[in-house]
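Dear colleague,

I am handing over the structure below, and after it you will find an account of what was found in it.

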Amino acid sequence: MAMTLSNSVPSACIICLSASNQFYLPSSPFKSLKPPLFWPWQKVKMGPLTVSPMGFGTWAWGNQLLWGYQPSMDSQLQQVFNLAVENGINLFDTADSYGTGRLNGQSEKLLGKFIREFQGEKRIRDEIVIATKFAAYPWRLTSGQFVQACRASRDRMQIEQIGIGQLHWSTAIYAPPQELALWNGLVAMYEKGLVKAVGFSNYGPKQLVKIHDYLKARGVPLCSAQVQFSLLSMGEDQMEIKNICDCLEIRLISYSPLGLGMLTGKYTPSRLPQGPRGLLFKQVLPGLKPLLVSLREIAEKRCKTIPQVAINWCICKGTIPIPGVKTVKQAEENLGALGWRLSSNELLQLDYAAQESPRRMIQNIFQTK
């Protein structure tokens with residue numbers, strides 16, 4: 001079955017897309033005569049783990065406020081999960097805070113359920129890597145409390161060991177004493193075998209080096225750093241973080257590679273999403289014309305979609321993007337970002353267009369210096 005086409009794909013490219021983007025859909029009784037575009041053995045190293053060059057983010061799986069989640073979506077989310085795994089994706093990012101109100105932790109619960117119910121080969125299921133983040137809540141003041149948060153996440157997912165245990169954000173700015181306790185919590189959960197590896201999220205360059213050195217002294221390798229990284233997030237701090245990660249052999253995971261949807265080509269200043277995102281889009285979208293024009297130009301030339309080009313840019317920069325997915329259509333489109341690479345000239349064109357766009361994505365308020 002060929003990939004579902006996005007509205008942003010020109011009609012001249014339909015034949016090209018139909019011929020090149022083939023995936024195995026779990027709901028289909030027949031498999032395509034052609035192999036999937038993305039071969040499962042195309043992996044990258046992340047510390048002791050081997051993962052796909054793109055993962056899927058699950059922030060929306062339980063979040064009603066920002067993403068409009070409803071339990072009725074669970075069956076489609078399971079199809080999304082199956083489609084991803086059957087096409088070689090084995091990295092899924094989540095957090096113990098993903099979910100709204102009574103649905104807190106829903107993302108982790110759904111991932112655990114989907115893993116248990118996956119009908120494919122046991123080998124494929126065993127290779128799935130869950131990277132979950134533990135919130136630096138003000139009541140988590142000791143390393144023991146952070147370890148307990150890790151155990152709670154493991155219990156929600158009903159798995160023996162978490163792939164990557166991540167500190168969701170730093171408290172260095174507003175609660176420095178708590179920061180050391182959280183670092184010790186990462187050490188403890190690794191030493192107890194609750195996680196295969198540790199990482200962090202929303203750390204700036206200086207704090208990144210500090211946590212790396214601290215964990216190294218304790219004999220704990222730091223395998224990943226997760227920050228907002230996209231064509232909308234090319235500030236000096238983000239590029240410095242990327243350079244430091246390369247030097248320290250830490251894999252950079254880029255969240256929001258599509259700028260919460262602003263780099264999909266779906267929205268305009270007169271056509272905004274509902275809810276809090278609409279307020280942000282109203283401020284940023286008017287200044288993105290140079291970037292969106294370049295994305296569309298390259299997409300048309302490549303017979304790709306705008307999101308596929310934006311995600312591929314992240315991959316070409318040496319990061320592992322984790323675009324969020326809610327629907328099978330989105331998953332199919334994201335998979336089309338794999339199996340090819342932008343040329344050096346195309347990368348330069350996009351870099352220049354991003355710099356020429358007067359608006360930037362607002363950085364996460366929790367990111368440290």
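Predicted model: local features only at pLDDT ≥ 70, side-chain atom pairs only at ≥ 80, totals over all residues.

Residues are numbered from 1 along each chain as its sequence is written, and side-chain values use heavy atoms, with hydrogens and water left out.

The protein chain has 14 helices and ten strands, which are DSSP runs (H or I of at least four residues for helices, E of at least two for strands) numbered from the N terminus. Of its 369 residues, 57% count as buried, that is, under 20% relative accessible area with a 1.4 Å probe and protein chains only, whereas exposed means over 50%.

In helix 10 (residues 276–284), the buried residues are Arg277, Gly278, Leu280, Phe281 and Val284. They lie on the same side of helix 10 because they cover an arc of only 165° around the axis, the arc being that of the directions from the helix axis to the C-beta atoms. Exposed Leu279 and Lys282 sit on the face of helix 10 turned away from its buried side.

Gln76, Gln79, Val80 and Leu83 in helix 3 meet Val328, Ala331, Glu332 and Leu335 in helix 13.

With regards

Conventions:
Contact = heavy atoms within 4.5 Å.
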